[in-house]
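I am opening this page to keep a record of what I look up, entry by entry. I begin with the overall form and then go on to single side chains.

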Amino acid sequence: MAEKGDGIDFTMIAEWDLSTAQYRAVIVSSSVSNKCQVASAARDRVFGINQSKVQSNESARIRVLGISKVIAGGTINAADILVSNATGHAVVGNSANAFGIALQDAASGSNFTALIVPRFTASGG
């Protein structure tokens, strides 16, 4: 059973309708300042996990650190490193755009519990 726990949440304005996107990975919009949208490309740089069911231009609560429910986009095993697929669902990966670690097993399409610890790499000269 998926558990929802404590964490740090951040509020952003939903660029898109997120009413059916609760527990999906979201990114900071690259086209509109201070807005978020569902991750829409495999391996997007995830900002956090949407905790809300809100319409476009409403405030969405995004879990940026801590324990959260997440929707699996494939088979997940506890301790798997998580990245987003093209629909904001969590899949197994090992990229620099990993956003968390699975705390339990899950079948595709089901909710599971994960530790959200966004990270990214930056290259410099």
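What radius of gyration does the protein chain have, with 125 residues? I find 13 Å, which agrees with the value near 14 Å that a compact globule of 125 residues would have; the radius is taken over C-alpha atoms, and the globule rule is 2.2 Å times the number of residues to the power 0.38.

I note that this is a predicted model, in which local features need pLDDT of at least 70 and side-chain atom pairs count only at pLDDT 80 or more, while totals for chains, interfaces and linings use all residues. Residues are numbered from 1 along each chain as its sequence is written, and side-chain values use heavy atoms, with hydrogens and water left out.

**Entry: the whole chain.** I looked up the secondary structure and found zero helices and nine strands, where helices (H or I, at least four residues) and strands (E, at least two) are DSSP runs numbered from the N terminus. The C-alpha trace spans about 40 × 35 × 25 Å along its principal axes. Buried residues (under 20% relative accessible area, with exposed over 50% and partly exposed in between, using a 1.4 Å probe and protein chains only) make up 46% of the 125 residues. Among contacts (heavy atoms within 4.5 Å) with a separation of 6 or more, 57% are between residues 24 or more positions apart.

**Entry: salt bridges.** I searched the whole structure for salt bridges (a side-chain nitrogen of Lys or Arg within 4 Å of a carboxyl oxygen of Asp or Glu) and found two. Arg 61 and Asp 9 meet in a salt bridge at 2.6 Å, N to O; Arg 61 lies in strand E5 and Asp 9 in strand E1, so the pair ties together parts that are 52 residues apart in sequence. Arg 63 and Asp 9 meet in a salt bridge at 2.3 Å, N to O, and this pair, also between strands E5 and E1, links residues 54 apart. I therefore record Arg 63 as buried, at 4% relative accessible area, while Arg 61 is partly exposed at 32% and Asp 9 is partly exposed at 28%. Asp 9, Arg 61 and Arg 63 are linked in a network of salt bridges.

**Entry: Lys 35.** Which side chain of opposite charge is nearest to Lys 35? I find Glu 15, at 6.9 Å, and Lys 35 is buried yet has no salt bridge; Lys and Arg count here as positive and Asp and Glu as negative, while His and the chain ends are not counted. Lys 35, in strand E3, does have a side-chain polar contact of 2.4 Å with Asn 57. By polar contact I mean a pair of N or O atoms within 3.5 Å; within protein, one must be able to donate a hydrogen and the other to accept it, and residues adjacent in sequence count only if both atoms are side-chain atoms.

**Entry: Gln 51.** In the loop between E4 and strand E5 (59-71) I looked up Gln 51, which is buried at 3% relative accessibility and makes a side-chain polar contact of 2.8 Å with Ser 68.

**Entry: aromatic rings.** I found one aromatic pair in the whole structure. The rings of Phe 10 and Phe 47 have their centres 5.6 Å apart and their planes at 80°, so the pair is edge-to-face. The rule I used is that rings of Phe, Tyr and Trp (its six-membered ring) pair if their centres lie within 6.5 Å, with planes under 30 degrees apart counted as stacked, over 60 as edge-to-face and the rest as tilted.
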